[in-house]
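This report describes the packing found in one structural model. It begins with a single residue and then turns to the nonpolar cores and the helices.

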Amino acid sequence: MRAATQAAWDRLSPRQKSWTTAASVALISLAAGYGLSQLGSSGTGPNENVGGPDSECEDVLYWYDPMVPGQQFDKPGKSPFMDMELLPKCAGEEVSAGVKINPGMVQNFGIRTTQAEYGILEPEVTVTGVLAYNGRDVAIVQPRAGGYVERTYGHAPDDVVGRGAPLVDILVPEWGGAQQEYLAVLRSGDDELARAMRERMRLLGMSPGLIASVGRSGRPHSTITVTAPIGGAITSLAVRPGMSVTSGQTLAEITGFSPIWLEAAVPETQAANVRVGQPVNATLTAFPEERFAGRIIAILPSAQDASRTITVRAELSNPSGRLKPGMFAQVSLTPDTRRALLVPSEAVIRTGRRTIVMVNQDENGFMPAEVRIGREAGGRTEVLAGLAAGEKVVTSGQFLLDSEASLTGLDVRPIDQAINAAKENNEESRFSATGTIEKIADGTVTLRHSAVPRLDWPAMTMTFRLKVPTQIRGFKKGDRVHFTFIQQDAGPRIETIRGSGQ
């Protein structure tokens, strides 16, 4: 029989052999499925609900669909979302154990972790800006006396003039008579009367230099030349030859542009990262190979409604006048560096309602933890709360773990339950340094301090919290101090501080 079967098999073509094998596998699968269904039916009575509310659960809090864990039901039954029974949530069930992943799956899914650790965050904010005239360097040109314009020297709006450049010659008729009287008094030798005449001429708008010139030359000068009080661009010109002018009339407006203003639009989300005196660097499309350095001189008080930005005004040196108002610039702002708890930015999951990270609890165990984040730079994100130094966060495969946590109804660890595994070792460790006081505020002091080798800190400027506000009593900005501090979740805190000479 066996030989006949083998002979029949040998006579089949390769294609016929393939179809015969597939049919055999299908028959075996059908038979196995029928056997398992019969076995399940024989072990479960008509009133038994496998996986139902009475299985391994004495006190049920609620029922839920594992595919929609956020929806809770008061009684068992069919899920409204799919054809399956609701599962019970038992009282006292441990929900903080986290997601357990098979070690082999951890490797297959490429799940990687890294420790949250303190470091120096050096963010750089790049925004756009436009060069503008220096609004603090403005001169309004007005004559001291009324008269007639004799000459305007050919100037036009937007012409650039230097300090002392002639702008207009004005003939003042009433000056001629006063100067003739003054010369007659001088010839009489009456010093008291001459002094009175000089005062009268001064009140008529003549400068002391002009009065002295009339006395030396013995001739009247009834024409005055109005000059530019500062160097800059003529932004307004309202005088033409032949016109009459009055005392105090605005003839021209001159605005300087050395130094020149740079006005940058900073997103309001970055408003806390800019301050007056902060350095900036600008790159202009007109000079792409150069970088122009300056400092912020003002932060304007209102935000732009349409763009939701604030205007930051900086000053750039412009001795040669190469930088022109209206030029476009890319502006780099470097906020103050500070020590912060950092994690890779790829570890942060933003859900829209909150921000979470997946924390590695133990071997192959993971839990979602809510965090509050701050600034981001260089691929790292600052964690303000919800995480502790030394805890491991998932940097690859975290979305898979987050989905698994949602399916199993796993609760997210609240921010205020962060566990600092290294607290006992770090909190009481004291570090010391010397520095100079830069700023004293309510409960804090900003120090420009030396390097701290034990923490791998370079020399830098940063803010420390005070243990008690009275610690800083008697100190002022610029004092050299020696201080000790400890590291805490909220940042470094001053323990002792004294003058460097004490």
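## A buried threonine

Thr311 is buried, its relative accessible area being 13%, which falls under the 20% cut-off for that class. The model is a predicted one, and in it Thr311 belongs to strand β19, which covers residues 309-316. Leaving out residues up to four places away in sequence, Thr311 touches Glu263, Ala264, Ala298, Ile299, Leu300 and Gln304.

## The nonpolar cores

The largest nonpolar core holds 32 residues, and the members that touch the most other members are Val168, Ile170, Met206 and Ile254. At least two residues of this core come from each of β8 (138-141), β11 (166-171), α4 (173-188), α5 (191-203), α6 (208-217), β13 (232-237) and β15 (252-255). The largest share, five residues, is supplied by α4.

Met206, one of the residues of this core that touch the most other members, is in contact with Arg144, Trp175, Ala178, Gln179, Met201 and Ile211, when its neighbours within four places in sequence are left aside.

Within α6, the residues Leu210, Ile211 and Val214 are buried. Because they cover an arc of only 100° around the axis, they sit on the same side of α6.

After α6 comes Gly218, with a positive phi near 75°.

## How α4 and α5 pack

Two packed helices are described by the angle between their axes and the distance between the axes. For α4 and α5, the axes come within 9 Å and cross at roughly 165°. That angle is over 145 degrees, and α4 is therefore roughly antiparallel to α5.

The crossing in which α4 passes α5 is left-handed. On the α4 side the contact is made by Ala178, Gln179, Glu181, Tyr182, Val185 and Leu186, and on the α5 side by Leu193, Ala194, Met197, Arg198, Arg200 and Met201. Of these residues, Ala178, Gln179 and Met201 are also among the contacts of Met206.

Terms used:
Residues numbered from 1 in each chain as written. Predicted model: local features only at pLDDT ≥ 70, side-chain atom pairs only at ≥ 80, totals over all residues. Heavy atoms only, no water. Helix = DSSP H or I, 4+ residues; strand = E, 2+ residues; numbered from the N terminus. Buried < 20%, exposed > 50% of the residue type's maximum accessible area, 1.4 Å probe, protein only. Contact = heavy atoms within 4.5 Å. Core = buried A, V, L, I, M, F, W, Y, C linked by side-chain atoms within 4.5 Å. Arc of directions from axis to C-beta. Axes fitted to C-alpha atoms, helices over the stretch in contact; angles between N-to-C directions. Parallel < 35°, antiparallel > 145°, perpendicular 65-115°, else oblique. Left-handed = near helix turned anticlockwise from the far one by under 90°.
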